[in-house]
Amino acid sequence: MKSPYSTAKLVLPAVLSMLALAGALLVATPADAASAARPAQAPVAEATPSPVVSPPFVDDERRHVVQNVRTNGYLIHEGYSAPGCVNCYVLAWTAGVTPPANEWFFEEGQVRGGYLWFRMRNAKSNLCAAPGRIVDGLPSVVSKDCSSTNEFLWRAEPDREGDWRTVKFVSSITRNAIRPVYGAGPNEFVVLADDGYSPNYYWSVSR
């Protein structure tokens, strides 16, 4: 005959296990019910990059006169953009300037990092603008034989009203904009300085 004590020893662990299981179910059920009650969330759509707004003068195969808004100096390079003046300073100049010395092609546009980058080729010399040696503590802009390397890439930014007839030119290498070194007169070197909104940084581009 089995002892009641022995039976209790067998039954008690089973009862405790059942109680523990029931407690776990009670704890889990509210969370599961809440989860089931929530509507399935739609997958988050990936952000669509903003379309690149292209300056109308890029790759149009036309020559454009470029003139500083503040000083009225035309963008040329030394020697009035003479073909032999390689690695010469680019200037904002008025004295003796006649087309095509102050005319530029904006060519081979390519999209990088949300901007349209292009080369600036002088119509008279067939040379391209690029960052150059230091003038008054700032990188100058010089004329060089054109190539497809990054130093020849520029982007244009329209004025605050979005008018592409007046733009800033920003270098892909320095991330700074072209302006006359002093911005006070019509005959100055141009340099690459911190991007700003003063008229010195803006250039009119003929249509």
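Cys-128 and Cys-146 form a disulfide (a pair of cysteine sulfur atoms within 2.5 Å), with their sulfur atoms 1.9 Å apart. This pair links distant parts of the chain, 18 residues apart: Cys-128 belongs to strand 6 (residues 128-135), and Cys-146 sits in the loop between strand 7 (138-144) and strand 8. Strands here are DSSP runs of E of at least two residues, numbered from the N terminus. About the S-S bond the angle is 95 degrees, and the link of Cys-128 and Cys-146 is right-handed.

The model is predicted, so local features need pLDDT of at least 70 and side-chain atom pairs count only at pLDDT 80 or more, while totals for chains, interfaces and linings use all residues. Residues are numbered from 1 along each chain as its sequence is written, and side-chain values use heavy atoms, leaving out hydrogens and water. The mean pLDDT (the predictor's confidence in each residue, from 0 to 100) is 81 for the protein, and 75% of its residues reach 70 or more. Over residues 1-49 the pLDDT is below 50, and this stretch has 1 contact in the model beyond near neighbours in sequence; contact means heavy atoms within 4.5 Å.

A search of the whole structure finds 2 disulfides. The other link is formed by Cys-85 and Cys-88, whose sulfur atoms are 1.8 Å apart. With -105 degrees about the S-S bond, the link of Cys-85 and Cys-88 is left-handed. Cys-85 counts as buried because its relative accessibility is 13%, and Cys-88 counts as buried at 12%. With bonded cysteines counted along the chain, the disulfides follow the pattern 1-2, 3-4.

In soluble globular proteins, nonpolar side chains tend to be buried together. A nonpolar core is a set of buried Ala, Val, Leu, Ile, Met, Phe, Trp, Tyr and Cys residues joined through side-chain atoms within 4.5 Å. The largest such core has 23 residues, of which Phe-106, Phe-118, Met-120, Trp-154 and Phe-169 touch the most other members. Several strands each supply at least two residues of this core, including strand 4 (103-112), strand 8 (154-158) and strand 9 (166-171). The largest share, 3 residues, comes from strand 5. Leaving out residues up to four places away in sequence, the partners that Met-120 touches include Leu-75, Trp-104, Phe-106, Cys-128, Trp-154 and Phe-169.

Two loop residues complete the picture. Asn-176 is placed in the loop between strand 9 and strand 10 (177-180). Asn-176 counts as buried because its relative accessibility is 17%. Neighbours within four places in sequence aside, Asn-176 is in contact with Phe-169, Val-170, Ser-171, Leu-192, Ala-193, Asp-194 and Asp-195. Pro-99 lies in the loop between strand 3 and strand 4, and Pro-99 counts as exposed because its relative accessibility is 52%. Between Pro-99 and Ala-123 the C-alpha to C-alpha separation is 8.5 Å, and the two are 24 residues apart in sequence.

How values were computed
Buried < 20%, exposed > 50% of the residue type's maximum accessible area, 1.4 Å probe, protein only. Helix = DSSP H or I, 4+ residues; strand = E, 2+ residues; numbered from the N terminus.
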